[in-house]
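Hi there,

Here is the structure I promised to pass on. Have a look at it first, and my notes follow below.

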Amino acid sequence: MIDLVRGRERAVAANYTAYFRFINGNNSIITAPGAGKYIRVLGMQYGGSLTPAATQITYGFLLNVYGTTTQHLMTTCIGVTPRSVYASTVCNIRCKENTAVQCRRNGTSPTAGEIDAVVHYRIEDGYGVGP
Amino acid sequence: MFNRAGTITLPANKNAQADATNAGAALIAAPGAGLRIRVLAVAMAGTATGAAGTTYVSIRGTQQGGAIDLLRIAIVGALTFTGSMAMPVNILLDENTGLTATVGGADFATGKVSCTVAYRTEAGTGVAP
């Protein structure tokens with residue numbers, strides 16, 4: 001793909017998708033790309049159905065953008081009755097160099113269910129943290 | 001749209017729609033040699049209840065020789081999925097490959113999920129870059 005910047009052509013990295021089915025814990029949906037590269041997240045979605053346990057559960061995506069702490073870019077809180085969950089968003093977030101994008105479940109394990117997650121992204125050259 | 005050589009014409013944008021039940025459904029047929037599909041937006045909406053096990057519905061294409069899921073939901077057992085999602089994307093598929101509303105895993109017990117995509121067909125050969 002070609003982009004035009006100030007009269008010059010430059011190559012733009014291709015866009016890709018990553019998929020992961022998750023229910024518990026933290027799982028990498030996109031692994032760290034290596035030194036000198038970072039992930040730019042363009043959009044994300046999840047959809048599924050589950051039966052929560054007795055307490056509320058939070059699902060979402062974790063990114064590391066600035067420092068040692070992680071940010072949640074999209075989360076949903078789920079109560080204590082069986083239900084379907086679905087959400088999608090578009091963004092343009094530059095992750096910290098050589099860090100992964102994770103799916104996360106926070107709270108008590110559900111008794112049944114699974115969620116399918118997809119992240120749209122590209123890999124770009126760069127160092128350090130997000131601007 | 002303009003570049004230094006003058007005006008260039010972009011291919012027209014189109015829509016495709018299919019309802020996924022247990023068999024899945026073709027969304028966009030392979031466009032032919034020398035052509036690639038660029039997916040611009042994906043959407044999924046409906047209600048479905050799974051049978052035993054986990055069913056999934058996916059808008060699926062091919063990139064760099066492998067299957068990719070552009071939008072995907074899980075439907076687990078008797079837990080009914082009811083919802084809708086839509087997302088703009090910019091995904092170039094491999095030459096002469098199409099897009100399907102794929103259903104995998106266990107079957108639906110009941111229900112139907114509508115899948116819609118916006119796309120255009122561009123000239124290009126080989127796998128997506």
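Let me start with where the two chains meet: 27 residues of chain A and 30 residues of chain B take part in the contact. On the chain A side, the elements that supply two or more residues are β3 (16-22), β5 (37-51), β8 (83-94) and β10 (112-125). Sorted by class, that side of chain A has eleven nonpolar, 13 polar and three charged residues. Please keep in mind that this is a predicted model.

As for the fold of chain A, there are ten strands and zero helices. Of the 131 residues in chain A, 37% are buried. Among its contacts with a separation of 6 or more, 80% join residues 24 or more positions apart.

Val118(A) counts as buried because it has 27 C-beta neighbours inside 10 Å, and the cut-off for that is 20 or more. Beyond its neighbours within four places in sequence, its contacts include Thr17(A), Tyr19(A) and Met44(A), and also Asp69(B), Leu70(B), Leu71(B) and Arg72(B) from chain B. Gly43(A) is 75 residues away from Val118(A) in sequence, yet their C-alpha atoms are 8.5 Å apart.

Finally, the core. The largest nonpolar core has 59 residues, and those with the most contacts inside it include Val101(A), Val119(A), Ile59(B) and Leu70(B). Not counting residues up to four places away in sequence, Val101(A) touches several residues, among them Ile29(A), Val41(A), Phe61(A), Cys95(A) and Val119(A).

Happy browsing!

Technical notes. Residues numbered from 1 in each chain as written. Chains lettered and ligands numbered in written order. Predicted model: local features only at pLDDT ≥ 70, side-chain atom pairs only at ≥ 80, totals over all residues. Core = buried A, V, L, I, M, F, W, Y, C linked by C-beta atoms within 7 Å. Buried ≥ 20, exposed ≤ 12 C-beta atoms within 10 Å, placed from the backbone. Contact = placed C-beta atoms within 7 Å. Helix = DSSP H or I, 4+ residues; strand = E, 2+ residues; numbered from the N terminus. Nonpolar A, V, L, I, M, F, W, Y, C, P; charged D, E, K, R; others polar.
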